[in-house]
Each structure stands twice: as C-alpha cells, then as structure tokens.
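Biologist: I am new to this one. Could you take me through how its helices pack?

Modeller: Gladly. Here it is.

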Amino acid sequence: MGIVVGLDVGGSMTKIVAMRDKKILAKCTVRATDPVTSAFGALGRLIDENGWQIGDVSQVNITGVGASFPAGPLLGIKTVVVTEFLATGLGGLYLSGLDHAVVVSMGTGTAYLDASYEKVRHLIGSGVGGGTLVGLSNALIHVDDAVKLSEIAEGGDLLNVDLTIGDISKSEIPGLPMNITASNFGKVNDDLSKEDMVLGVFNTVYQAIGTMSVLAARNCGLKDIVLTGQLSALKQCKEIIGAFGELYNMNFIISEDAQYATAIGSCIASSLDEA
C-alpha cells in the first residue's frame, strides 16, 4: 500500500501527516496566507523533505475549514475530502489507543465529540477556544502569539486574579477544595501585572473547556476525554485542565501529537466508512 497523506487545512496554517498501514511516517506544519497555498506548500514540503516522489503517495485526504478551496487533485494525486469531525474523532482515538471517548477539538473555538470507530457524533460546540485566548490577551497586552503568551503567563499568579472558594467561604464546601476558582477575574485590582492578566485569560479559557468536557463526558456515560488541537501543546493546558480530572474523576488524555489529531484522523478515515 502506498503512502496516505492527511491534510488539516486551516485559514493560515496547515498540519500534514503521512502514514502507511496506520503508522506515522512524517509530519509538519506550514503557514501561508491562504488555504490553497498552504495545502500545496505543505504537500510539496513533506514530499521533498522525505526524499519521496509524487508517485509514492497513493492518496491525499484533506479536511479542515480550508478543505473545499483546492479544486481537483493536489499535485495530480487522488484527493479525497474528509469531514472534519470524523477526522478529529478518529485522530483522537488513534492517539489515545481508545475505542470510545469524548474527543475535544480545541481550535479557534472548541468542538466536543462522542467518538468511536463506528461513529463520530458532534455533541456541542463553544466559541471559547484559541481565538478567545489570543483575542483577549491581545486586547489586554497587545501580544497575539500563543506561544509567547504562554511564556508570559508562566510569570503570573492566579491568586492575584481569580476569586477562590477560600476567599468567599470560611468553611469547606463538600467536594470543592478551598483553592478552586469561584469567579474568574473576580479579584482584579489596579496593580495587576501583564503576567497575571495573561495567566487569568489562560485559566478562564481552559477552565471553560474543562467544564464543558466533563459535562459532555457525563452526558455520554464516559470517563475518557481526549484533548486535541493547537491549545493542547501549550504548557498551561495540562496544568489547568489536569485539575479537572482529579476534581471530577475524569481521565484527561493529551498525547504528544495532539495538535496533529485531525490530520492523522483524515489519513485513517480512508479505511473506514463515514458513519
């Protein structure tokens, strides 16, 4: 069997993965000003960097918000469009090694999926995601790079930003530790540093995603929650959302290649029926 390439085409960034027999051979990320340039550039780069020929690639499976832009086969290779939810769900299962889980796609917004190899079902979506994190941070400190924002947030202190249970109650509330957030940004004052502000934004976004993830999993009768998307690669993700696993007895999984989940899922979708 030839190489199958999965392309997750975004508005300005494309993630690409090459697989054979469901094993990852290579992966990379390409930025471009438009989806068509991004798709062609990513495919060409992957082939060139690995010393392959165009004929070595048997099929390109394309997904993501920009999947409909390239007209016809990419570089003359058979090109198939895969629905994004299916690709993300399958990719999350592949990376986690699970057969059934809630898969959370943290992109510009966030999608919550009930995923199995028989069917991937969209449960609900939220406008709170990476776009929220970058947009709010940019409005506060005029920085719009997520990686730089993550570095800035490392110097912040949430005790200067959020109101906790311990701030409003002298006695413990059953099931809620005293350090749990009672109100995001509920303790803000005029002396708040930029590091505190950005960490507060990270905490607000990830806590919103964590809360929705727990509700989605409970709705499906599941305990396994697989996080995917670009936000999964930032340090604060494990630190903040990980606390939800302990608090609500949920198993949150963040794989090393979680940001490539949708591209991976589009690769393996060619061997499955789109239920």
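Biologist: In which crossing does α3 pass α6?

Modeller: α3 passes α6 in a right-handed crossing. Right-handed means that the near helix is turned clockwise from the far one by less than a right angle, and left-handed anticlockwise. A caution: this is a predicted model, where local features need pLDDT of at least 70, side-chain atom pairs count only at pLDDT 80 or more, and totals for chains, interfaces and linings use all residues. Residues are numbered from 1 along each chain as its sequence is written, and side-chain values use heavy atoms, without hydrogens and water.

Biologist: Why are α3 and α6 called roughly antiparallel?

Modeller: They pack at an angle of about 160 degrees, with axes 10 Å apart. Angles over 145 degrees count as roughly antiparallel, under 35 as roughly parallel, 65 to 115 as roughly perpendicular and the rest as oblique. Therefore α3 and α6 are roughly antiparallel.

Biologist: Which residues of α3 meet α6?

Modeller: Thr132, Leu133, Leu136, Ser137, Leu140 and Ile141. Their partners in α6 include Val201, Phe202 and Val205. Contact means heavy atoms within 4.5 Å. By class, this contact of α3 with α6 has 9 nonpolar, 2 polar and 1 charged residues.

Biologist: What makes Phe202 stand out in the largest nonpolar core?

Modeller: Of the 37 residues in that core, Met106, Phe202, Tyr206 and Leu227 touch the most other members. Such a core is a set of buried Ala, Val, Leu, Ile, Met, Phe, Trp, Tyr and Cys residues joined through side-chain atoms within 4.5 Å. α6 gives the most to this core, with 12 residues. Beyond its neighbours within four places in sequence, Phe202 is in contact with residues including Leu133, Leu149 and Ile240.

Biologist: How do you know that α8 is largely enclosed by the rest of the structure?

Modeller: Buried means under 20% relative accessible area, exposed over 50%, and partly exposed in between (1.4 Å probe, protein chains only). In helix α8 (residues 261–268), 8 of the 8 residues are buried, so this helix is largely enclosed.

Biologist: What do the buried residues of α8 pack against?

Modeller: They pack against β1 (3–9), β2 (13–20), β3 (23–31), β4 (57–63), α2 (84–96) and β11.

Technical notes: Helix = DSSP H or I, 4+ residues; strand = E, 2+ residues; numbered from the N terminus. Axes fitted to C-alpha atoms, helices over the stretch in contact; angles between N-to-C directions. Nonpolar A, V, L, I, M, F, W, Y, C, P; charged D, E, K, R; others polar.
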